[in-house]
Amino acid sequence: MKWIQRLGLDAVLLPLVGVFMCLIVWSGISGKSVTTKTKDDWGDVVTTTKRTGISADLPGPMETWEKSRSYILNPLAKRGELDQGILRFTWLSLTLVVQGYLIALVVGTPLGFCLGLSKTFGKMFDPIFQILRPVSPLAWLPLGMVLFLSAKIQVPGFGAYTASELAAVFTIAICSMWPTVLNTAVGVRAIPQDYLNVAKVLKLSPAKTLVKVLIPATLPYMFTGFRLSLGIAWLVIVAAEMLTGRPGVGGFLWQQYNALSYSHIILCILTIGVVGYALDRLMSFIESRLRAA
Amino acid sequence: MSTQSYLELWKLTKSYPSPKGEAVIVKDIDLRLKQGEFVTVIGHSGCGKSTVLMMVAGLTSITSGGIILAGKELDGPGPDRGIVFQSPSLLPWMTAFENVMLGVDQVFYTADRVEREQIAEYYLTLVGLGDAMHKRPGELSQGMRQRVGIARAFALAPKMLLLDEPFGMLDSLTKYELQEVLLQLWRREKTTAMMVTHDVDEALFLSDRIVCMTDGPEAGIGDIIEVPFERPRNRLEVMEHPEYYPLRERLIEFLEVHAHRKAPTVVPETAPAISKAKEKVEPELVS
């Protein structure tokens, strides 16, 4: 293995080896279409197509590629509401995620500050947060539907929101809020007493203390929360789109499952994974820039 | 008497509730400082000397007794007391200049921006950071950070300067340098100063009087020593002064032997002693 490291190839080569190994396992367990021609009792030739393999209905890597290529090679195509290129679907999903995520940040950060600053507030609401935190998006969505059943909100520039869209945004917001709330609270509690003493001695006003001391001191923790929240927001999108039938990566996945088009499920899974990874990298990048500043 | 004293600690006591009843840290501290005086409180670590200083700073609550500064009873912290902490306590996301400005903005809010910036620059230059004032604490050495801490305290134009083992974390060379910086600024500003340390030489070099504290619990004032060296002081001259080693021995002996004795119930009358010290100090302050 030494020579690989010496050539600096390990960063490229080893992941490729890993991918290749996974592809082999995938090919191994996936099924194949086998067409057989037999003569029946009356002497007619009957063509039967059967899938065989360990998991007969799971499409293999090549089959997945063949069926998905039009979505990947024409990523911006729009053939119908639920038949669009993969980038178009991704874009639709992202816009929904961003809306829910921003609400989560706007609501979660102040909640985190209150939780970190006030013991009374903590005692009052921490048990509720702890109980709501592990609730799955699949459980929140129906509640969101009920909540917005009679609502029809007109947002200038965005158009009208239907109950299901509002429910989806609500679900994303409430599920992705917790890392921001908890990390911000931890960050506030971790502010060194020295910094707080400076604020006290200089008699900074509460607003000035917040802007000059509390927020800068908490920022690294806040950003860790923001990054984790974004991960969860993206995780929730599939559940939200599945249940609402909204077009997007998750909606497409569910629709294709129902249409017995299993290759596209794999396409969607890979897309969700890649986008999630890209978002996480993006946030890490912003975080590191912020820390350096 | 009380008209003469600038800072007066009156029966100052600090105790915490503990499972075994009240844990008394310091008890019945009576101390008076004249305006412009430099007093050092010395004692073993954990004896409660920092507690006394933090009560004067307003960062620790007072259990009983009181503190009067310039004729007003103190209640809570405020920028009228400039504090130099052991760790410089600079905000790391701000430059040295911004750290000083944070305080200057609070105190001189009636002055315009340019004037306030001039104040911050003036003090940073005085402590020798003229070239480095726009660096963040992370880019500065420990000694330079403490210089910023000193500049920040003086830039508030405080009634009092409180120093909590300000040079405790520095190597001895840097420590000597910063003691000189502190002494220069103190002479220039004529600020009343109260310092806490466990360094005998530092106490002798800087102060007019040294207050020796007994060990806790229920720590009190064990002895008060007048420091007779003339000002302005030069380290070598001070060390060659015939009184230096006797005083040093007296302090060390106190720390070693008498520290565990309980605080005397009758605190020695210190007011005449202060005026004597003041007479000695006065000519230097004018020069």
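**Close-up views of a predicted model**

**View 1. The helices and strands of chain A.** In this predicted model, chain A is built from eleven helices and six strands. Its radius of gyration is 25 Å, well over the 19 Å that the globule rule gives for 293 residues, so chain A is more spread out than a compact globule. Take a moment to follow the C-alpha trace of chain A from end to end: along its principal axes it spans about 100 × 65 × 35 Å.

View 2. How much of chain A is buried? Buried residues make up 39% of its 293 residues. Now look at which parts of chain A meet: among contacts with a separation of 6 or more, 64% are between residues 24 or more positions apart.

**View 3. The charges of chain A.** Here you can look for 26 positive and 15 negative charges in chain A.

**View 4. Helix H1 of chain B.** This helix covers residues 49-57 of chain B. Is helix H1 of chain B mostly covered or mostly uncovered? Mostly covered, with eight of its nine residues buried. You can find the buried ones by name: B:Lys49, B:Thr51, B:Val52, B:Leu53, B:Met54, B:Met55, B:Val56 and B:Ala57.

**View 5. Just past the helix.** Step on from H1(B) and you come to B:Gly58.

Definitions and conventions:
Residues numbered from 1 in each chain as written. Chains lettered and ligands numbered in written order. Predicted model: local features only at pLDDT ≥ 70, side-chain atom pairs only at ≥ 80, totals over all residues. Heavy atoms only, no water. Helix = DSSP H or I, 4+ residues; strand = E, 2+ residues; numbered from the N terminus. Rg over C-alpha atoms; globule rule 2.2 N^0.38 Å. Buried < 20%, exposed > 50% of the residue type's maximum accessible area, 1.4 Å probe, protein only. Contact = heavy atoms within 4.5 Å. Lys, Arg positive; Asp, Glu negative; His and termini not counted. Charge placed at Lys NZ, Arg CZ, Asp CG, Glu CD.
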